[in-house]
Amino acid sequence: MKNVRKAVVGICMAMLLGLFAVPQPVQAANMNLTVGTTDNAKNGDTVTVRVIGSNNPGISTFATQLEYDTNYLTYTGATWANAISSNTSNVELISQTTENGKQVLNISAVFAETYSNNETIVTLNFTARQNYTTMPITLRVREITDSSFQGVTVATPVVDATAGQTQTTSQSNSQNNSQNNSQNSSQNNSQNSSQNNSQTDNDDSEADGVDDSDTGDSGDDNSGKKNSAKKDGTKKDSAKKSSKDKKSVDETPKTGTVDIRLILGGFVVIFLVISGICIKVLGKKRRA
């Protein structure tokens, strides 16, 4: 019995270990790629293709392929995102090759550290060999892996001419010329308006100067007459005041002097009268 029990326990343990040993499926991460193109180019224009990553789960390797029409485009070089090119431990590679009679660029990168930025991963530069309306390119994903080197699911890259948009040389020159013409036109209009306003102001100021001079002359005459009249009136008023002052000075002391003399004279007369009466009374008493 003991041996049977041991055998059953051993089988159960083996089954459990077998279950845990079976690799569990891992859900692949998702990522989006957008291709920014340069449309409506002319012969000789510098044009670009921008490979833009979004919803980046953090990747360890990046491999895509760009097919382009050599009748319209000549590849001149590439620029990787600064976060990629600044790390010297990263490996970036772009090689030109021909597949199925068409020119392609194999675009690859291996990252020393997980790359998680949502940005323009790489910009591919071309020169237009002739005029075109829609940029003749196609981007395909070869393989992109996450931080565990598991494959990342990437939907078909979306082509969007406005994504990470850059202007062609002719477009840039056209815009600069338009801006310069607009600026020059506004400057000329402003200058002409300023000159016209300045000339109008000068004419007005000259007319005002003439009127002011005439008015000033008549005003000066009138003010001179008024000032002379004021001076004459002032002289008359001062003469009147001086005569009044003289009268007040002459009359007041005289009036005061007469009054004091009369009073003193009255007192003297009364004193003499009283003294005379007293003398007579005293003389009668002595006789008696």
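Is Lys102 buried, partly exposed or exposed, and at what relative accessibility? Lys102 counts as partly exposed at 43% relative accessibility, where buried means under 20% relative accessible area, exposed over 50%, and partly exposed in between (1.4 Å probe, protein chains only). The model is predicted, so that local features need pLDDT of at least 70 and side-chain atom pairs count only at pLDDT 80 or more, while totals for chains, interfaces and linings use all residues. Residues are numbered from 1 along each chain as its sequence is written, and side-chain values use heavy atoms, with hydrogens and water left out.

**Overall architecture**

- The chain contains 3 helices and 10 strands; helices (H or I, at least four residues) and strands (E, at least two) are DSSP runs, numbered from the N terminus.
- Along the sequence, these elements follow the pattern α-β-β-β-β-α-β-β-β-β-β-β-α.
- Of the 288 residues in the chain, 22% are buried.
- Among contacts between residues at least 6 apart in sequence, 77% join residues at least 24 apart; contact means heavy atoms within 4.5 Å.
- The accessible surface of the chain is about 20000 Å², and 52% of this area belongs to carbon and sulfur atoms; accessible areas come from the Shrake-Rupley method with a 1.4 Å probe, and for residues only the protein chains shown count as cover.

**Strand 3 and its partners**

- Strand 3 spans residues 59-68 and is mostly covered, with 10 of its 10 residues buried.
- Strand 3 runs antiparallel to strand 6 (residues 102-115), and 9 bridges join the two; two strands pair if DSSP finds at least two bridges between them.
- Within this pairing, Ala63 of the chain stands opposite Ser108 in strand 6.
- Strand 8 (residues 137-146) also pairs with strand 3 in the antiparallel sense, over 9 bridges.
- Here Glu67 stands opposite Thr138 in strand 8.
- In a regular strand, side chains alternate between the two faces of the sheet.

- The whole structure holds 2 salt bridges, a salt bridge being a side-chain nitrogen of Lys or Arg within 4 Å of a carboxyl oxygen of Asp or Glu.
- Through shared partners, Glu67, Lys102 and Arg140 form one network of salt bridges.
- Glu67 is buried because its relative accessible area is 17%, whereas Arg140 counts as partly exposed at 34% relative accessibility.

**Nonpolar core**

- The largest nonpolar core has 34 residues, among which Phe62, Leu66, Leu124 and Phe126 touch the most other members; such a core is a set of buried Ala, Val, Leu, Ile, Met, Phe, Trp, Tyr and Cys residues joined through side-chain atoms within 4.5 Å.
- Two or more residues of this core come from each of strand 1 (30-36), strand 2 (46-54), strand 3, strand 4 (73-80), strand 6, strand 7 and strand 8.
- Beyond its neighbours within four places in sequence, Phe62 is in contact with residues including Leu33, Val51, Trp80, Ile107, Phe111, Ile121 and Ile144.

**Individual sites**

- Thr123 lies in strand 7 (residues 120-128) and counts as buried because its relative accessibility is 18%.
- Not counting residues up to four places away in sequence, Thr123 touches Thr48, Val49, Arg50, Gly77, Ala78 and Thr79.
- Asn55 lies in the loop between strand 2 and strand 3, and at 47% relative accessibility Asn55 counts as partly exposed.
- The C-alpha atoms of Asn55 and Asn32 are separated by 6.0 Å, although the two residues are 23 apart along the chain.
- Leaving aside neighbours within four places in sequence, Asn55 is in contact with Asn30, Met31, Asn32 and Asn118.

- Val269, Val273, Ile277 and Val281 make a nonpolar surface patch of about 330 Å².
- Val269 lies in helix 3, which spans residues 169-287.
- Patches are made of residues with over 30% relative accessible area and no salt bridge, with like charges joined within 9 Å and nonpolar side chains (Val, Leu, Ile, Met, Phe, Trp, Tyr) within 5 Å.
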